[in-house]
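Welcome, and please open your viewer. We will go from stop to stop, selecting a residue or an element each time and looking at what surrounds it.

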Amino acid sequence: MSSFDKIKLLSSKVADSIFKGEKIEELEKSKDLTDDEKNYVLSNILDKNKKQERFEFTSKLNKQRAWENFMESTKQKTKTKPKVKPMYRYYAAAASIAVLLGITFFLNDNIGSLQSNETIIVDNNIETGTDKATLILEDGSKVALEKGTTYQTSNANSNGEEIVYSTKAKAIKDMMYNTLAIPRGGQFHIQLSDGTKVWLNSESQLKYPVAFVKGETRQVELVYGEAYFDVSPSTEHNGAKFKVFHKEQEIEVLGTEFNIKAYKDEAHIYTTLIEGSVAVNTQYSNKTLVPGEQSVLNTQNNTIAISEVDTYNEISWKDGIFRFQGKRLEDLMKVLARWYDMEVIFEKEAHKNIKFKGVLKKSQSIEEVMSIIESTSINNYAINNKTITIK
Amino acid sequence: MIEENDRLSLGVFEKIFNRLYSPLCLFANKYVNDVNYSEDIVQEVFVKAWEKGLYFEDLDKAKGFFYVAVKNASLNFLKSHYSKSVKAHPPENLEILQTENYFIKETVILEASALVEKAIEALPPKCREVMKLSFEGLTNQEIANKLGISFETVKSYKSDAYKKLRKDLAHLRIK
């Protein structure tokens, strides 16, 4: 916990006890301060005179002049660095940082009135993604799964957010396969009959048996797209290995967590290992990954490169956020296009290579997300129907 | 946190400045007990942070940095000027000012006050009036007399307000 986390927690506890009309009961659990200090804190917050003192002190400050001083000294000391841009750019950027910071305090900050008036939004039909999937049964029939609808068969149960296969289902020699297809703008979670959990990202397809044959290698296929696997260990299945097939590669595991990204519109397949051990096998090579490593298979020339990565950037999608650290805007927009089911046009080729760093919440609207990107990376953008143009 | 090609844009930095300048000056004042010294210290800290090209992922990260930086700058200021017996007259002796608990107390006062103020401002006007007086320590009867409303009405405003405040606070906790 960083020092400010502690302060934030304590502050919200204090505010909470004030809102509950309690005295210091709630705070007694906190060992950070003595009782005298707690009383001092509470009285400073509530006491009318103390409030008045703070108010008077603040009104003596000259924030405007302070900012001008700041600008002056930065200009003098680093002549080349911070260029003064026209003021309206500050306001557009300033408005957007509120969303970047993702903090409620900012909501009262008249963001609306600060919003850049350059952004053109015509018929914004871009919707934030939701939990949804199409289940394709062994006979080819299709079932739509989405939030709010339930579905039940003898082997599986879905509440519209995930589908769970029964661990009791008996596997027969002639294996029955189901396929789960996630559309653009969707995501879904599945638990296979061996207890393996799989998170499926937008525009992905997973094919798997309704039940696995005891003691035999468990095999599933990531037809395309992105999936995060938390594999039930081999030790719980008489040593049966787990394999994830893809037309370009095969992942062999013993019981582990990893992410595979194999989109049709990308020339690389990314396999990121979080925990345990996996082997990445292709027609031409076999490589083993250790936790924290990522293999990148170039499907054009079949070479595999392995590097260490910040794994959370790779798997944050399954936790409802997108975390990017210096990601190229073109690659980032591909990720967003799948979740928001939209088209992206870059007016300037150079913009594709802008690097972006930040955290976006998957629950945010496309306009919120774009204003963050606009504040840090691009000049302007326009939305028309389901298309975003980066200007 | 520090990455060379990944600094915040000036616009973002200005936003952070606008949000934090006043609370940081209030905070510095708890060490140096002087408006002008407080402003100088806070400005200097902002200039240094900009020159270093610091990157903050969110406002909390920025606060975490600036509170500590302003505390250190204030203590350094006191140490340098004390010896030269300039006019500085800190509110407590240096040993107390240097403790972690002093830092926690003063930051929590500022942060919790901001939470309380924000939540109160979001209440409907009548509720707000009642709650402000209640937090100042007035009894329900005193509030009723002061606002010219009945005792029962005060109680009902307070109950509504507490419900809403708790809801708002739950909202503020979302990470």
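Start by selecting K261(A), which sits in strand β14 of chain A, residues 257-262. Strands here are DSSP runs of E with at least two residues, while helices are runs of H or I with at least four, and both are numbered from the N terminus. This is a predicted model, in which local features need pLDDT of at least 70 and side-chain atom pairs count only at pLDDT 80 or more, while totals for chains, interfaces and linings use all residues. Residues are numbered from 1 along each chain as its sequence is written, chains are lettered from A and ligands numbered from 1 in the order in which they are written, and side-chain values use heavy atoms, leaving out hydrogens and water.

Buried means under 20% relative accessible area, exposed over 50%, and partly exposed in between (1.4 Å probe, protein chains only). Now show the contacts of K261(A) (heavy atoms within 4.5 Å): beyond four places in sequence, they include G225(A), H268(A), Y270(A) and V335(A).

Next, select I345(A) in strand β21, residues 343-346 of chain A. I345(A) is partly exposed, because its relative accessible area is 42%. Leaving aside neighbours within four places in sequence, I345(A) touches T387(A), I388(A), T389(A) and I390(A).

Zoom out to chain A as a whole. Chain A has nine helices and 24 strands, and 49% of its 391 residues are buried.

Move to chain B and select helices α1 (residues 10-32) and α2 (residues 35-51). Their axes, which are lines fitted to C-alpha atoms over the stretch in contact, are 8 Å apart at an angle of about 140°; angles run from 0 to 180 degrees between N-to-C directions. Among the residues that meet are F13(B) and F17(B) from α1(B), and F46(B) and W50(B) from α2(B).

Last stop: S134(B), in helix α6 of chain B, residues 125-135. Is S134(B) buried or exposed? S134(B) counts as buried because its relative accessibility is 12%. Beyond four places in sequence, S134(B) touches I143(B), K158(B) and Y162(B).
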